[in-house]
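Colleague: Could you take one part of this model and go through it closely, giving the cut-offs behind each term as you use it?

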Amino acid sequence: MISNRLINIINVLEKSNDDESVKVLKELGTESPNNEVREYTAKALVNKNTHESLEIVLMNDGKGLNDLSPVVAMGTINAILDLEDKTEVMKILDDTIKLNSIEKIRENARALKELILL
Amino acid sequence: MNILKIGGIGKTHTNNVNSGVSTNPFAAVNFRGNVLPFGDVFVGTAKKVGLGEKIQNKIKMISGSVLGNVSDLGKRVYEPVKSFAGRIREDLVLAWDKTVGRTMEVKDLLAEKTKSLFKGKDYVAENTPVPELRKMFEQELENMGGLSV
């Protein structure tokens with residue numbers, strides 16, 4: 001079970017304006033074998049709402065939207081739906097649908113785009 | 001014709017002049033080409049400037065130049081006063097900014113301390129540097145058992 005301290009660390013990394021914070025979340029959070037850590041990390045990356053952070057959770061196999069754990073994937077989808085400004089998300093989803101080489105990732109991006117446009 | 005011989009009046013006149021017993025104070029003054037012994041009695045048409053007046057003139061001249069200098073001095077003094085006032089104002093603004101900044105720092109510090117008191121050991125300050133957050137993150141993953149799911 002994830003500790004409150006780790007949740008707080010992830011939250012502080014989410015609010016940080018330092019580009020290095022995205023790197024820490026990617027290297028330590030999304031690579032963690034713990035589902036909860038990946039779930040919190042994916043939400044933090046979505047809430048940062050930058051091109052770099054969104055690319056990690058939308059375009060990479062096994063991370064965020066494409067995570068093997070449905071809890072992590074659903075958590076990422078909910079965080080994206082909660083975003084006020086979805087401009088960057090839509091841009092990345094369009095790029096993913098057009099350019100990504102993995103069919104499963106393109107399908108997930110298409111489904112999420114449909115969900116947002118509903 | 002000799003007047004003296006005609007009548008006594010002329011004779012009497014001559015006696016009065018030569019006797020030296022006249023009560024007239026100007027009787028001894030000779031107006032006929034001689035130098036008057038009381039020259040300072042008469043005031044000449046060309047006004048002579050006395051030493052006192054010269055000093056007065058000098059004083060007037062000096063005071064005039066002093067007045068001129070004083071009026072210049074006013075201008076010269078005004079500029080430094082103006083710049084001094086400007087500098088003081090800038091210093092005050094700077095001091096005010098510093099004070100407010102320091103107050104804000106203390107306020108933030110107190111807020112952070114208060115938060116940490118209420119949230120205990122799990123609290124992580126928002127201004128913690130990212131490298132330190134990385135170490136803390138790694139430590140927490142280690143505490144969780146590393147690869148445990």
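**Around helix 1 of chain A**

Modeller: The buried residues of helix 1 of chain A are covered by parts that include helix 2 (20-29) and helix 3 (35-48) of chain A, together with helix 4 (130-143) of chain B. This is a predicted model, in which local features need pLDDT of at least 70 and side-chain atom pairs count only at pLDDT 80 or more, while totals for chains, interfaces and linings use all residues. Residues are numbered from 1 along each chain as its sequence is written, and chains are lettered from A and ligands numbered from 1 in the order in which they are written.

Helices here are DSSP runs (H or I, at least four residues), numbered from the N terminus. Helix 1 of chain A, residues 4-15, has 12 residues and reaches 17 Å from its first C-alpha to its last, close to the 16 Å expected, where the expected span is 1.5 Å times one less than the number of residues. Its buried residues are Leu6(A), Asn8(A), Ile9(A), Ile10(A), Val12(A) and Leu13(A), buried being 20 or more other C-beta atoms within 10 Å of the residue's own, with C-beta atoms placed from the backbone.

As for two of the covering helices, the axes of helix 2 and helix 3 of chain A come within 10 Å and cross at roughly 160°, the axes being lines fitted to C-alpha atoms over the stretch in contact, with angles from 0 to 180 degrees between N-to-C directions. That makes helix 2 of chain A roughly antiparallel to helix 3 of chain A, a term for angles over 145 degrees.

Notes
A residue is buried if 20 or more other C-beta atoms lie within 10 Å of its own, exposed if 12 or fewer, and partly exposed in between; C-beta atoms are placed from the backbone. Two residues are in contact if their C-beta atoms, placed from the backbone, lie within 7 Å. Angles under 35 degrees count as roughly parallel, over 145 as roughly antiparallel, 65 to 115 as roughly perpendicular and the rest as oblique.
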